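Subject: Structure handover

Hello,

Here is the structure for you to look through. My notes on what turned up follow below it.

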Amino acid sequence: KLAHSCEPNLFYIPASDDHPCTFIALRDIAHGELLAFSYVGGPLLMRDHKHRQGRLLNSHLFRCCCRRCNGRDYSRQLPCPKQCVHSATIEPLYLVRTGSIMSHTDADVFPDTTWSCQNCRHPFNEVDIAGLLIDETQIVEGCESIDGNRLRYGDLQHLLQNAVATLGHRHWTVVQLTAHIATYFRLLTRSGAKTAFPFAVYLTLRYLQGLIDIRVEVPCVTN
């Protein structure tokens, strides 16, 4: 039996003319453990709880209750407004879920209620961080407008710098933009620009570290 999970132990490769559909184990799977892959593969799996749940609700009419969906939203870490003066780094906020709504028409499967800093433990509601959430929305819209077949380095770099300065390094938009820029340099390398190769390697490593930071353990490839 196969099931969906946003924290899968299998990676699904669709069938093509060259090979049948294939499942690859992403880690050691214990005897009796449920086999699961993600119905929202690729870059979508990097996204935050609300986006994943909305997509699943619209396409498959169910709400995911996996460990990742019921835990902290590591894909959407935001800098603490208090800047945690006793910490060496700006610690992230995590969204704290206090309830859920199941509806086939309501995309807000998880209503946003309270945010809490993992360092100072100070709680914030959405009014407290309204400006930050507006900035986040604008950056998300910029990411969603990217055409993967027409990558422009200047535009990508500007958006990435803005995302890092506003949202910090541990947000899915930063990881996705890093992946896009890595793809840009990989394409340059394939076209014969040998000087692009070190940048492609460096950015790919940054992308992989970003996946670790937002707790995504599957190969989310943009191109």
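α4 and α5 cross in a left-handed way. Left-handed means that the near helix is turned anticlockwise from the far one by less than a right angle; clockwise would be right-handed. Helices here are DSSP runs of H or I with at least four residues, strands are E runs of at least two, and both are numbered from the N terminus.

This is a predicted model, where local features need pLDDT of at least 70, side-chain atom pairs count only at pLDDT 80 or more, and totals for chains, interfaces and linings use all residues. Residues are numbered from 1 along each chain as its sequence is written, and side-chain values use heavy atoms, with hydrogens and water left out.

Back to the pair. The angle between α4 and α5 is about 155 degrees, and their axes lie 9 Å apart. Axes are lines fitted to C-alpha atoms, for helices over the stretch in contact, and angles run from 0 to 180 degrees between N-to-C directions. α4 is therefore roughly antiparallel to α5, a label for angles over 145 degrees.

Which residues of α4 and α5 meet? From α4, they include L156, L160 and V164; from α5, they include L177, I181 and F185. Contact means heavy atoms within 4.5 Å. The contact of α4 with α5 has 12 nonpolar residues, 4 polar and no charged. Nonpolar covers Ala, Val, Leu, Ile, Met, Phe, Trp, Tyr, Cys and Pro; charged covers Asp, Glu, Lys and Arg; the others, Gly among them, are polar.

Next, α3 and α4. They pack at about 155 degrees, with axes 10 Å apart, so they are roughly antiparallel to each other. α3 passes α4 in a left-handed crossing. Among the residues that meet are L132, D135 and E136 in α3, and L159 and N162 in α4. This contact of α3 with α4 divides into 6 nonpolar, 3 polar and 2 charged residues.

Now the core. The largest nonpolar core has 34 residues, and M46, L78, L93, W115, I129 and L177 touch the most other members. A nonpolar core is a set of buried Ala, Val, Leu, Ile, Met, Phe, Trp, Tyr and Cys residues joined through side-chain atoms within 4.5 Å. Buried means under 20% relative accessible area (1.4 Å probe, protein chains only). α5 gives this core its largest share, 8 residues. A second, separate core has 7 residues, including V40 and C64.

Finally, the whole chain. There are 6 helices and 8 strands. Of the 223 residues, 39% are buried.

Best wishes

Methods
Buried < 20%, exposed > 50% of the residue type's maximum accessible area, 1.4 Å probe, protein only. Parallel < 35°, antiparallel > 145°, perpendicular 65-115°, else oblique.
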